[in-house]
Amino acid sequence: VVDVVALGESMVTFLPSRPGRLADVPAFHRSIGGAESNVACALAAAGHTTRWVSRVGADGFGDHLVEAIGAYGVDVSYVRRDPARPTGVYFRTAGDRAGDTHEVAYYRAGSAASAMSPAGVDLDAVRAGRVLHLSGITAALSPGCLDLLRELTAPRPGRPLISFDVNHRPGLWGEAYGPEVLLDLARGADIVFVGEDEAEEAWGITGGPAAVRRALPEPEVLVVKQGGSGAVAFLRPAAGDRAAGAARAGADGTPQSPGCETTPRPAATAPALKVDVVATTGAGDAFAAGFLSATLRGLPLTARLRHGHLAAAATLTAPGDLAAPPPRPLADRLAALDDP
Ligand code: KDG
């Protein structure tokens, strides 16, 4: 059994050779991106068995993605090649993606990955891991991709733990469906990652992590990320048999966060590390990978948040989406330290 299967679109990413408006950047450096494959690569780099399921074009960029992601040790044997549709690519400017001046130019409409659908992927291969990692990006790609996410997040006996990163990308959403869809999909997942700012942007939720939990009481584990300040995690009290693994993996006496009371209380909180940020893109994926790695290893909830922050810190200090995670023994020592 593979530890983690990740499904989603990856793109060849063009990083700017210098800061400034997209219109002024004279050259770009080729890299790779794709929220879900980023998680698979980071988990593979941290020693887990991973698989990335997707579609790419039968073109050079598709070759590059399959080779580069495969080089991390990720199983790419279920990535389909599409002779009729291209591999998606995107360009971006430097700096903080949340900043007003950050620009992203996607060239992915009609891409090979956007043709994913429940009938077009090998669902057994997708469900073959202990954890299946998905993100809201896929829901925005096409009606077929949305159907696929609905199928994968639907209740089903023996399904893997479903990890869902909301990844609200306003620039990707057309007229057909909106952020409400992301809330519905998150409701069907076991472990959900969402930024506090993202919850406000997508769903208009203000009032902090407790308000997010109130709007999203279903997932066994809800992680609300607060950017540079930290992250909090909520647990559902009555763990069902399957998903109990997600919560119980941290059976360290962590108090459960009651889901039904007016103000849900976090079961764990952890401050983020202070780093000199080079680029924020990919940091959320690294956080998810660190958290999932620690979950698979049965570490307590607070340690899972800390492993998320440690992995994110590595990516925050690199220009691209991916950075080598800290070695496991070092990360374990750091995660065990008391908060300052
Ligand atoms: O999380 C990083 C991703 O946003 C980036 O790699 C590109 O997957 C991407 C997307 O769709 O925005």
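Q: In this predicted model, which residue of S11 is the bridge partner of Val194?
A: The partner of Val194 is Val224, which lies in S11. The model is a predicted one.

Q: How many bridges join S10 to S11, and do the strands run parallel or antiparallel?
A: Strand S10, residues 191-195, is joined to S11 by five bridges, and the two run parallel.

Q: What about S11 and S12: in which sense do they pair?
A: S11 and S12 pair in the antiparallel sense, over five bridges. Within this pairing, Lys225 stands opposite Ala231 in S12.

Q: What lies between S11 and S12 in the hairpin?
A: Four residues separate the two strands of the hairpin. One of the residues in the turn, Gly227, has a positive phi of about 55°.

Q: Why is S11 described as largely enclosed?
A: Five of the five residues of S11, residues 221-225, are buried, so the strand is largely enclosed by the rest of the structure.

Q: Which way do the residues of S11 point?
A: Val221, Val223 and Lys225 point one way, while Leu222 and Val224 point the other way; all are buried. In a regular strand, side chains alternate between the two faces of the sheet.

Q: Moving along to S13, which strand pairs with it, and over how many bridges?
A: Strand S12, residues 230-235, pairs with S13 in the antiparallel sense over four bridges. Thr269 of S13 is the bridge partner of Val232.

Q: Which residues of S13 are on the covered face and which on the uncovered one?
A: In S13, residues 268-271, the covered face holds Ala268 and Ala270. Thr269 and Pro271 make up the uncovered face.

Q: Change of topic: how many residues does the largest nonpolar core have?
A: The largest nonpolar core has 44 residues, and Phe164 and Trp203 have the most contacts inside it. A second, separate core has 27 residues, including Val4, Val221, Ala283 and Ala289. In soluble globular proteins, nonpolar side chains tend to be buried together.

Q: And what is Phe164 in contact with, leaving aside neighbours within four places in sequence?
A: With those neighbours set aside, the contacts of Phe164 include Leu134, Leu149, Leu182, Ile191 and Phe193. Ser135 and Gly136 are also among them.

Q: What follows H1?
A: H1 is followed by Gly47, which has a positive phi, near 100°.

Q: Which residue has a positive phi although it is not a glycine?
A: Asn167 does, with a phi of about 40°. Most residues other than glycine have a negative phi.

Q: Where is Asn167 found, and is it buried or exposed?
A: Asn167 is in the loop between strand S9 (161-165) and helix H6 (180-187). With a relative accessible area of 7%, Asn167 is buried.

Q: Now Thr87: where is that one?
A: Thr87 is found in the loop between strand S5 (79-82) and strand S6 (89-92). Thr87 counts as buried because its relative accessibility is 7%, and buried means under 20%.

Q: What does the side chain of Thr87 reach?
A: The side chain of Thr87 reaches the backbone nitrogen of Gly57 at 2.9 Å. A polar contact of 2.6 Å also joins the side chains of Thr87 and Asp59.

Q: And Tyr90, where is it found?
A: Tyr90 is in strand S6, and counts as buried at 6% relative accessibility. Tyr90 and Ser10 are 80 residues apart in sequence but 9.9 Å apart in space, C-alpha to C-alpha.

Q: Last topic: which residues come nearest to the ligand?
A: Of the 15 residues around the ligand, Gly34, Tyr106, Arg108, Asp285 and Asp321 come nearest.

Q: Which distances separate the ligand from the side chains of Arg108 and Asp285?
A: A polar side-chain atom of Arg108 lies 2.7 Å from an oxygen atom of the ligand. For Asp285, an N or O atom of the side chain is 2.7 Å from an oxygen atom of the ligand.

Q: How much of the ligand does the protein bury?
A: Taken alone, the ligand exposes 320 Å², and the protein buries 99% of that.

Notes: Residues are numbered from 1 along each chain as its sequence is written. This is a predicted model: local features need pLDDT of at least 70, side-chain atom pairs count only at pLDDT 80 or more; totals for chains, interfaces and linings use all residues. Side-chain values use heavy atoms; hydrogens and water are left out. A nonpolar core is a set of buried Ala, Val, Leu, Ile, Met, Phe, Trp, Tyr and Cys residues joined through side-chain atoms within 4.5 Å. Buried means under 20% relative accessible area, exposed over 50%, partly exposed in between (1.4 Å probe, protein chains only). Contact means heavy atoms within 4.5 Å. Two strands pair if DSSP finds at least two bridges between them. A polar contact is a pair of N or O atoms within 3.5 Å; within protein, one must be able to donate a hydrogen and the other to accept it, and residues adjacent in sequence count only if both atoms are side-chain atoms. A residue is near a molecule or strand if one of its heavy atoms lies within 4 Å of it. Accessible areas come from the Shrake-Rupley method with a 1.4 Å probe; for residues, only the protein chains shown count as cover.
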